[in-house]
Amino acid sequence: MENVTTMNEFLLLGLTGVQELQPFFFGIFLIIYLINLIGNGSILVMVVLEPQLHSPMYFFLGNLSCLDISYSSVTLPKLLVNLVCSRRAISFLGCITQLHFFHFLGSTEAILLAIMAFDRFVAICNPLRYTVIMNPQVCILLAAAAWLISFFYALMHSVMTAHLSFCGSQKLNHFFCDVKPLLELACSDTLLNQWLLSIVTGSISMGAFFLTLLSYFYVIGFLLFKNRSCRILHKALSTCASHFMVVCLFYGPVGFTYIRPASATSMIQDRIMAITYSAVTPVLNPLIYTLRNKEVMMVLKKIFGRKLFKDWQQHH
């Protein structure tokens, strides 16, 4: 009979056991986190304060920036602390809370990316009815649905995981608390948990991914057959390609991580995938969605132009 214990805490094994590499990883992830905070924070401030950006597309972009800051903040601060501390413990309650918010915010982002693709589809394929279809009430409803569905989805995983019995080992083979590494430590039956992880998580992530793909393919098809202007077509394809890159960087690793069954060898791959969608993608989002955007660039020029003018006045 296995020794069933009440777990008070877990020990996170982190990214690497090699002591010499930890300062290097600390520097890299600190830079990534700061870029994320500054980039997404700037977008959020611009969307809220600039009347020119009060439109459905920027409403969803503001939601995405808020999500990216929160999503990275669930895992990266704890990772940074663990890279400089010898003891990498996390309490049982802290672990379940981290798991909940990681899945809550990750699922919201998956659904929100699909909503943003639908918004672009309506704007390009049905421009005359765009303001009617994507009115403020619809935008708020879509965003609220994404947050609400994801909250209950994450609650399902956190409650199901919290009710498991855990055996002697406290060592969690990951740099944050997630369902798959916790299932490896459980000594009670985890079949239902694994089924929920593969089916429900897979359905949300891949369902949102296919809806996103469908929107972009429809946009490209519409422009190819309805619009003969090479300049407009090139601009739209360029925009869709950059958005598609972010979508693949997010949905690809998520699908790879959660649809496959758990195994000891897959945990290293899962850690690499988790870095991609929890640290790298949130940094890329502001670059992809805004720096190629004319309205945002105009607002940035206006803000920095105003600052430069004030500086010039002070020195003259």
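So, going from the N terminus, the elements of this chain run β-α-α-β-α-α-α-β-α-α-α-α-α. That gives 10 helices and 3 strands. What you have on the screen is a predicted model, so let's talk about confidence before anything else. The chain averages a pLDDT of 82, and 85% of the residues score at least 70.

Okay, the overall packing. The chain has 316 residues, and 47% of them are buried. If you take contacts between residues at least 6 apart in sequence, 81% join residues at least 24 apart.

Now the core. The largest nonpolar core has 80 residues. Which residues have the most contacts inside that core? They are Phe 29, Phe 60, Phe 250, Tyr 251, Tyr 277 and Tyr 289. As for helices, H3, residues 92-125, gives the most to this core, with 16 residues. Leaving aside residues up to four places away in sequence, Tyr 289 touches Leu 61, Leu 64, Leu 113, Met 116, Tyr 216, His 243 and Val 246.

Next up, the rings. Searching the whole structure turns up 19 aromatic pairs. I'll show you two of them. In one, Tyr 71 and Phe 102 have ring centres 5.2 Å apart and planes at 25°, so this pair counts as stacked. Tyr 71 sits in helix H2, residues 56-84, and Phe 102 sits in H3, so the pair ties together parts that are 31 residues apart in sequence. Both Tyr 71 and Phe 102 are buried.

The other pair is Phe 104 with Trp 147. Here the centres are 5.8 Å apart and the planes are at 70°, so this one is edge-to-face. Phe 104 belongs to H3 and Trp 147 to H5, 43 residues apart, and the pair links distant parts of the chain. Are these two buried or exposed? Phe 104 has 11% relative accessibility, so Phe 104 counts as buried. Trp 147 is at 24%, so Trp 147 counts as partly exposed.

One more thing on rings: Tyr 71 and Phe 102 turn up again in a cluster, where ring pairs link them with Phe 175, Phe 176 and Tyr 277.

Let's stay with H5. H5 has 27 residues and reaches 39 Å from its first C-alpha to its last, close to the 39 Å expected at 1.5 Å a residue. Its buried residues are Cys 139, Ala 143, Ala 146, Ser 150, Tyr 153, Ala 154, His 157, Ser 158 and Thr 161. What do those buried residues pack against? They pack against H2, H3, helix H6 (179-185) and helix H7 (191-226). You can see part of this from the H3 side by clicking on His 100, which lies in H3. His 100 is buried, with a relative accessible area of 8%. Not counting residues up to four places away, His 100 touches Phe 151, Ala 154, Leu 155 and Ser 158.

For another helix, look at H1, residues 22-49. H1 has 28 residues and spans 40 Å from its first C-alpha to its last, close to the 40 Å expected at 1.5 Å a residue. The buried residues of H1 include Phe 29, Tyr 33, Asn 36, Asn 40 and Gly 41.

Over in H7 there's Leu 211. Leu 211 is exposed, with a relative accessible area of 51%. The C-alpha atoms of Leu 211 and Leu 113 are separated by 9.5 Å, while the two residues are 98 apart along the chain.

Last bit, and this one comes from a record. The UniProt entry, which is unreviewed, carries the annotation "transmembrane region" for residues 24-49, 58-80, 100-118, 138-156, 195-225, 232-252 and 272-291. Take two of those spans in the model. Residues 138-156 are 100% helix and 0% strand, and their end C-alpha atoms lie 27 Å apart. Residues 195-225 are also 100% helix and 0% strand, with end C-alpha atoms 43 Å apart.

Definitions and conventions: Residues numbered from 1 in each chain as written. Predicted model: local features only at pLDDT ≥ 70, side-chain atom pairs only at ≥ 80, totals over all residues. Heavy atoms only, no water. pLDDT = per-residue confidence, 0-100. Core = buried A, V, L, I, M, F, W, Y, C linked by side-chain atoms within 4.5 Å. Buried < 20%, exposed > 50% of the residue type's maximum accessible area, 1.4 Å probe, protein only. Helix = DSSP H or I, 4+ residues; strand = E, 2+ residues; numbered from the N terminus. Contact = heavy atoms within 4.5 Å. Phe/Tyr/Trp six-rings, centres within 6.5 Å; stacked < 30°, edge-to-face > 60°. UniProt positions renumbered as here; feature names shortened; annotations may be inferred. Expected span 1.5 Å × (residues − 1).
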